[in-house]
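Some notes on this model follow, point by point. Please read them with the structure open.

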Amino acid sequence: MLDTLRTNIAKLIYPGQQKAAAEKVVGFQITPGQPIYTNMSIEKATREGYACSVYVYRGVRTIIQAASAIPWVALDRDGERIPGHEFEKLMANPNPYFSGQDLIEFTIAHLCLGGNSLWQPMMVNGKPREFWLTMPDKVKPIPGGDWISGWEVKGEGGKSYTSPPETFIHFMQVNPGNPYWGIGPLQAAARTVDTDNEAQDTQKVTMQNRAMPSGVLIPDVTIPADKFEQVKEQFRDMYKGNSERRAPWLLNAGMKWQQMSLSAVEMDFIASRLQNKRDIAAAFGISPIFLGDLEQSSYNNMAEARKALYQDVVIPMLDDIQATLNMRIAPLYGDITIGYDLSGVAALRADFTAKVAQAQILWGMGVPFEQINNRLEMGFEKFEGWNRSYMPFSLMPVSKSMQLPTGKKSAGMSEAQKTAAWKRIDSRRIGWWGVVGDKMQELYEANGEILAGIKGKTPEQCINSASNALKDAEPEWEDKLSAVYMSLIEDFGTDVADDLGMRKKADETFDPFTEAAIAWIKKNAAKTVTTIMETELEAVREIIQAGFGDGLSIQNISKQIRQYYDDNSKWKAARVARTEVAKAAGYGQQEAARQSGVVQTHTWLAARDDRTRDSHAFMDGETVPLGKPYSNGLMYPGDSSGSADEVINCRCTELFGVD
């Protein structure tokens, strides 16, 4: 039937190739119409393997526990997850009595023990409403038709009936000799499992009953019957108790001992069982470590074993299940793909960390993130621009270092490249604004607390009290600001150093804490804090003088000071954060360029938005030798040596020319 159908289709599609198309297709069919049986049933595998052998039990449980905790998901045509899809809901609760984990546990167990697992979907309006597990022992495929003509199902009372091919979803481990019914790892290990079980049984009998006598006592002469019974009773009385087992025997003259059986050591019982353990582990594809073989174990070996468990056993098994679900179930939901999510597997996170390190290297080489994601299988969702490459635009060859007169636009880089270079640095600075702003806000609020406690009977006394309080707060401000500077210099300096290729060698690694950097931090922290405190004292002076002018009490003036800080601490902190982040970031970048020994020039790159100062926009592209100031007197954007109108809220950056 199948061959005839294929032939007719071939004739219609390729009328000129009728002879070739009419060739008989040799298939896999084995005795069409006869059910496929096997001598390894789930019942037998469970009874003689899973329930009897600690090694089989532990091996199967290890695979079950690893595989059943991985969630199943529905993906759209772009490979992105569809949250709340009805397939995910069905897999979470496949029927009223099984959870999704229960269903997968039984599926994996059946595949490991017998090589076959069957689900019976309950269909409603063309979609599965429930999944029910079916015992493979009760169902056998019947070859015929396009593939199988149906299933022989063993019903109640031992009576069998035939069910249509679509009744069950069949998962199986490949059996090269039978494409209709799989073979599980336990069948390959059956002889080893039997041997190990027999070894345990033998040892048990030996320990309990000494089934074969250990030896015999042979007298040199014949002993009369009455004397023989007397000697036998004496031995029975002496050694029949549990406490006398294996005790040495003291023989009288004329007696000799003849050994009749092998000892446990001679049988090499322990060594043979160890080999059995390793053979069983090999059949299931897992490390013997999981079966208690810790002879070669270490922390690293355990970590590698866990990773190998997923890579060599669990993931291939889930791939088989996934392929079957995508063939049988996914088309029922339309344009979706069924997958599984490994992101929660702790054993694979170390691999992900290594992938991230590789991705950073490839990204720095200009490889688009789309290619990186596909090659390393990192699982990221598509985002705008992920198919474009971005080179480290904070660097450029000297031949393109924009050596142009002040104010002229550079032809060495496109506007898109300039914008990308500026955005890269600006987004990094913006990320720091919130961190630094929170630290500064804490300091401002602390100022509000201490200034609300000023004392005095005259405006001058209150102002002096406020001045002393601010003076006492300066060390804490300087400490926190110094810590902020250190972090910023290290972050932005390391970024430039990485672009410059400064390798991890003692003489090439960027050092953010040189004597020059420490001196810069101390100087700028002290200068900035002094400026901030002078501004704060001036604001408090105005509040105090206005309060006395209005005839307010000290308590009311204190409330006004507290209210002032409640209203203004946040925006004051944000303003300081922006200025100080730009200042320290600029210094860190230039310090890294100086330490590299290869940077020759630096170029002003104005902010790419409508808030750029006209003077800074005019300087865009201005290039000067490294170590020389720009035309506005600044060594770098945000340089604290410049005037406030050149520095505050400046968001420009610079590029470096290398040889």
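1. Overall make-up. Of the 659 residues in the protein chain, 41% are buried (buried means under 20% relative accessible area, exposed over 50%, partly exposed in between, with a 1.4 Å probe and protein chains only). The model is predicted, so local features need pLDDT of at least 70 and side-chain atom pairs count only at pLDDT 80 or more, while totals for chains, interfaces and linings use all residues. Numbering runs from 1 along each chain as its sequence is written, and side-chain values use heavy atoms, with hydrogens and water left out.

2. Secondary structure and contacts. The protein chain has 19 helices and 14 strands (DSSP runs numbered from the N terminus: helices are H or I with at least four residues, strands are E with at least two). Take the contacts in the protein chain with a separation of 6 or more: 68% of them are between residues 24 or more positions apart. Contact here means heavy atoms within 4.5 Å.

3. The largest nonpolar core. How many residues does the largest nonpolar core have? It has 55. A nonpolar core is a set of buried Ala, Val, Leu, Ile, Met, Phe, Trp, Tyr and Cys residues joined through side-chain atoms within 4.5 Å. M440, L451, W477, W520, I544 and I561 have the most contacts inside this core. Two or more residues come from each of α14, α15 (459–500), α16 (515–549), α17 and β14. Helix α15 gives the most, with 16 residues.

4. W477 and the second core. Leaving aside residues up to four places away in sequence, W477 touches M440, L443, Y444, N447, V529, I532 and M533. A second core is separate and has 54 residues. Its members include W72, M91, L113 and I280.

5. R429. This arginine deserves a look. R429 lies in helix α14, residues 415–451. R429 counts as buried because its relative accessibility is 4%. Which residues does R429 touch, not counting those up to four places away in sequence? They are W422, F492, V581, A582, A585, R651, C652 and T653. A polar atom of the R429 side chain lies 2.8 Å from the backbone oxygen of C652. For reference, a polar contact is a pair of N or O atoms within 3.5 Å; within protein, one must be able to donate a hydrogen and the other to accept it, and residues adjacent in sequence count only if both atoms are side-chain atoms.

6. Cavities. Rolling a probe the size of a water molecule over the atoms shows where empty space is left. On a 1 Å grid over the protein atoms alone, a cavity is a set of points where a 1.4 Å probe fits but cannot get out; lining residues have an atom within 4 Å of a point. Points are joined across faces, edges and corners, and a volume is the space filled by probe spheres set on the points. The count by this rule is 2 cavities of 30 Å³ or more.

7. The second largest cavity. Its volume is about 40 Å³. The lining is formed by R429, A582, A585, G586, Q589, Y636, P637, C652, T653 and E654. Helix α17 (554–596) and strand β14 (653–658) each give two or more residues to this lining. The largest share, 4 residues, comes from α17. By class, the lining has 5 nonpolar, 3 polar and 2 charged residues (Ala, Val, Leu, Ile, Met, Phe, Trp, Tyr, Cys and Pro count as nonpolar, Asp, Glu, Lys and Arg as charged, and the others, Gly among them, as polar).

8. K418 is in helix α14 and is buried, at 3% relative accessible area. At 40% relative accessibility, E442 is partly exposed. Its C-alpha atom is 8.6 Å from that of A573, 131 residues away along the chain.

9. N125. Check the backbone here. N125 is not a glycine, yet its phi is positive, about 55°. N125 sits in the loop between β2 (116–124) and β3 (127–134). Its relative accessibility is 77%, so N125 counts as exposed.

Key: On a 1 Å grid over the protein atoms alone, a cavity is a set of points where a 1.4 Å probe fits but cannot get out, and a pocket is an open set with protein on both sides within 12 Å along at least five of seven lines; lining residues have an atom within 4 Å of a point.
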